[in-house]
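Here is my note on the model you sent. Please read it with the structure open beside you.

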Amino acid sequence: MNKDYFFCGVGGSGMMPLAMIVQAQGGRISGSDRALDQGRTPEKFDWLRAHGVALHPQDGSGVVSADQVVVATGAVEDTVPDIGAARRVGAVIKTRPQLLSELFNAAPTSIGVAGTSGKSTITGMIAWILDQAGRAPTVVNGAVMKNFATPDQPFASALVGGPDLFVAEVDESDGSIARYDPTVAVVSNISLDHKSMEELRELFGGFVGRAATAVLNLDNPETAALAQTLAPGKAITFALGEEEADLSAHDLQPLPTGMTFELRVRGEAARSVTLTVPGAHNVANALAALGAVRALGVGLDQAVAALETFSGIRRRLEVVGTQGGVTVIDDFAHNPDKIAATLKTLHAFDGRLLILFQPHGFGPLKLMQQEFVEGFAGLMRHDDVLLMPEPVYYGGTTDRSVGSEDIAAGVRAAGRQAQAQATRADCGDRIVDMARPGDRVVVMGARDDSLSTFAAELLARI
């Protein structure tokens, strides 16, 4: 990989770890980012510069040679100057999924983690187990894995390991899951998010069909149906409380900062497991990770011991702090399934929720309008309050006919408290005015690194 790579959107949650892996394998990295030009998250770009990444404005000035490989996300349109410059100089243009799948498929052994929800956490759990088992995995995740974060590696969404074992979070939203040929295919769940169910069934079916082993969730009807299509012995199944699964969890007990449960594995004695990440959804994530490493021959006792020291993923129900009896939580939840998992987990304990939900785009909001309304209305308690700014929008062409007020109005019509505000700052002001001891403030959203900064500022103001 002794080439020059230019990453358009180098600071993105999916691009940054891939850039670091390419650099570790000998590539020379440069890039641009709209967030850099707009002055957002400067500490991330300072870190990239300090680690040998040359940064340029996103104006085409960094793309100067036909020898460069220009890597673009699916969100980058042809109107972006870097792409125009690449076409003018004759540089090779690859999408992030193209490049990642090439690296992934080149590894002798690979684990691809897919599904509507839970991918980043499952990928992080697998990475930690394999690391602790001495397997030296190379890992590309879409979020920071706390176990690997250090002062020198604060953005630990990638793990540089050996060439023989590659673990990656695989995305179905853009159809790129079709590019991956995994040794082990993990599918956490399948539900409406970015594509129709018909498209999703075809994509996930192909993904598990190409794998030597598929790890599938029997609690989700769609993944359970996938398991029925596979030859005997090809699937490792998991479920909460389902005796028919190969791995199952029973007697789940919530703790303030985690979960305990009884793990039953077919053919082995039951074990008590304690996780330091909360929620039933994280128990399911843990079962998925155990199934994946089991397929590679990692012993159960070793895997469980590592899981019990897994410290989580940044922005996944991450407690920012408590001030004046009010706790602020930073969370990545952005689709109905993830939002449901977060609300169920938080409602295991008393206290009003003040929910700031910043939608991650106008497109998903329109596609899942009814699901968002039903999800919030069905899981919020009477005293919970939802506040929504308008969706994330950094430019480009998109249908903006459905906005945050459409969701808030639907939630109000169902008898719950919801408000749409013009800006996130306005939502923050309302939260500061409303917050009282015992409340938990949840900042939810994706595709915007500044949400974490916003959550920290809220805590300081309360």
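Among contacts in the protein chain between residues at least 6 apart in sequence, what percentage join residues at least 24 apart? Point 2 has the answer.

1. Ground rules. This is a predicted model, where local features need pLDDT of at least 70, side-chain atom pairs count only at pLDDT 80 or more, and totals for chains, interfaces and linings use all residues. Residues are numbered from 1 along each chain as its sequence is written, and side-chain values use heavy atoms, with hydrogens and water left out.

2. Contacts. The figure is 66%. Contact means heavy atoms within 4.5 Å.

3. Overall fold. The protein chain has 16 helices and 21 strands. Both are DSSP runs, numbered from the N terminus: helices are H or I with at least four residues, strands are E with at least two. The C-alpha atoms fill a box of roughly 60 × 55 × 45 Å along the principal axes.

4. Burial. Of the 462 residues, 56% count as buried. Buried means under 20% relative accessible area, exposed means over 50%, and partly exposed lies in between (1.4 Å probe, protein chains only).

5. Salt bridges. The structure holds 17 of them. Each is a side-chain nitrogen of Lys or Arg within 4 Å of a carboxyl oxygen of Asp or Glu.

6. A bridge within a helix. Asp46 and Arg49 form a salt bridge at 3.1 Å, N to O. They sit 3 residues apart in helix α3 (residues 42–50), so about one helical turn separates them. Asp46 is partly exposed at 46%. Arg49 is partly exposed too, at 43%.

7. Another pair. Arg264 and Glu262 meet at 2.5 Å, N to O, in a salt bridge. Arg264 is partly exposed at 28%, and Glu262 is partly exposed at 25%.

8. A bridge between distant parts. Arg271 and Asp301 form a salt bridge at 2.8 Å, N to O. Arg271 lies in strand β15 (residues 271–275) and Asp301 in helix α10 (residues 300–307), so the pair links distant parts of the chain, 30 residues apart. Salt bridges with shared partners join Glu268, Arg271, Arg294 and Asp301 into one network.
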